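Hello,

Here is the structure you will be working with. My notes on it follow below.

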Amino acid sequence: MLAQTMTAATQKSLIGVLNVCDNFRPHLSPEPLVPFLLAPNVRPALGLLRPVVVAALRADNAWRIAHGHPLAWDILTSADTSENPPPYIAFAPALANGTPAARTQALAETLERWRAAANGESDIFSGVIGGTRWRAEWYDVYLAPGGALRVDGRDPLSVLEMSHDESGYVFSMERSACALFGVVTYGVHMTVYEQAASKHDEGESQMRVWVPRRALTKPTSPGMLDNSVAGGIAGGTSALDTLVKESAEEASLNPELVRKRARAVGAVSYYLQTTGGWLQPEVQFVYDLRLEPGEARLTPMDGEVESFELMPLSEVLMRMHAGEFKRNCALVLIDFMVRHGYLTPENEPRYLEINQRLHGQFDIERWY
């Protein structure tokens with residue numbers, strides 16, 4: 001069994017690795033958070049807003065009034081009433097009752113103004129949407145996590161009808177700005193591995209994983225170790241189509257091979273607060289791809305990866321403990337090790353807690 005190959009170094013619990021990524025709970029926030037809603041009477045919330053974002057949205061409404069534009073935001077906070085109802089920020093009624101395209105356009109206009117300001121060194125949002133952090137890529141936002149994704153491939157600015165399918169799609173927004181609004185985002189990760197029977201111990205398996213090192217030019221986590229293939233799911237795109245695209249661009253994997261052999265094995269979810277305090281609840285669709293030894297070699301293609309290394313699981317584990325992996329990639333690899341029997345209740349003292357938290361629900365019932 002794979003678990004038999006674990007070294008003494010693996011006896012240290014991986015709960016610390018998980019805590020670095022799944023590190024936020026709304027009810028423990030040291031600052032007040034305001035729910036971001038589609039409309040005042042619609043729950044659950046789409047996201048959670050920090051005070052600095054609430055202030056910026058107030059200022060955005062003021063800018064719109066001064067320039068003769070319709071209001072975009074319906075804002076109720078404790079400063080607006082003496083009766084102390086639950087605070088919220090929602091789309092203005094015309095947008096809440098309008099089309100996804102109208103909401104997408106209104107928010108895009110706001111974010112473009114913020115982006116212009118963020119390119120100044122002292123702006124509060126410069127570390128999120130300033131300079132090269134702006135991705136110019138749409139991410140879709142849904143009424144609640146857990147439904148089907150929008151996969152029609154349409155430009156969000158052309159979606160003129162309300163969603164009547166299972167997606168609950170409500171609008172799209174610039175990828176880098178999602179952390180400002182605390183909305184759930186979606187990505188895809190694939191672990192590519194090789195496994196061959198050991199010549200030394202009958203029945204024992206030798207498993208190695210293709211591990212890339214991120215390019216130093218990446219705007220996030222430069223130079224850190226990553227999962228074999230990973231990428232965010234752009235608006236209107238399926239998880240599998242994203243995986244095929246990223247596999248070719250990042251790892252030079254044949255698209256036909258990926259479509260035929262990649263196995264969907266679940267999803268991992270976690271609630272990350274960045275070092276800057278921004279909120280990133282994320283869902284990662286998880287795939288495995290097993291290659292025969294020597295069948296294919298992963299090589300960088302688009303400049304986002306510096307190099308690949310075929311790494312034994314024991315070394316992967318040691319480097320995870322050393323903090324060399326990008327935070328969310330470490331969680332996906334923990335999930336891989338659980339599913340393949342490398343981590344067990346016998347060698348991981350926090351086994352149950354780790355399994356539960358790999359599939360968290362973001363405490364969404366606390367978003368009000």
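Does Phe 125 count as buried or exposed, and why? The model is a predicted one, and in it Phe 125 has a relative accessibility of 4%. Buried means under 20%, so Phe 125 counts as buried.

As for its place in the chain, Phe 125 belongs to the loop that links helix H4 (100-118) to helix H5 (126-129). Neighbours within four places in sequence aside, the residues in contact with Phe 125 are Val 52, Val 53, Ala 56, Trp 114, Ala 118, Gly 130, Leu 180 and Trp 278. Arg 319 is 194 residues from Phe 125 in sequence, and the C-alpha to C-alpha separation of Phe 125 and Arg 319 is 32 Å.

The next item is the sheet. It is open and made of four strands, in the order S2-S1-S4-S3, with mixed pairing. Strand S2 (47-49) and strand S3 (73-76) are at the edges; each has a single partner strand, so one side of each has no neighbour in the sheet. From one strand to the next, the twist averages 25 degrees.

In general, strands of a sheet pair through backbone hydrogen bonds, in a parallel or an antiparallel way. Here, strand S1 (residues 34-37) pairs with S2 in the antiparallel sense, over three bridges. Pro 35 has Leu 48 in S2 as its bridge partner.

Finally, there is a helix on the sheet. Helix H2 (residues 51-66) lies across S1, S2, S3 and strand S4 (88-91). Relative to S3, helix H2 runs at about 125 degrees.

Regards

Key:
Residues numbered from 1 in each chain as written. Predicted model: local features only at pLDDT ≥ 70, side-chain atom pairs only at ≥ 80, totals over all residues. Heavy atoms only, no water. Helix = DSSP H or I, 4+ residues; strand = E, 2+ residues; numbered from the N terminus. Buried < 20%, exposed > 50% of the residue type's maximum accessible area, 1.4 Å probe, protein only. Contact = heavy atoms within 4.5 Å. Pairing = 2+ DSSP bridges. Axes fitted to C-alpha atoms, helices over the stretch in contact; angles between N-to-C directions.
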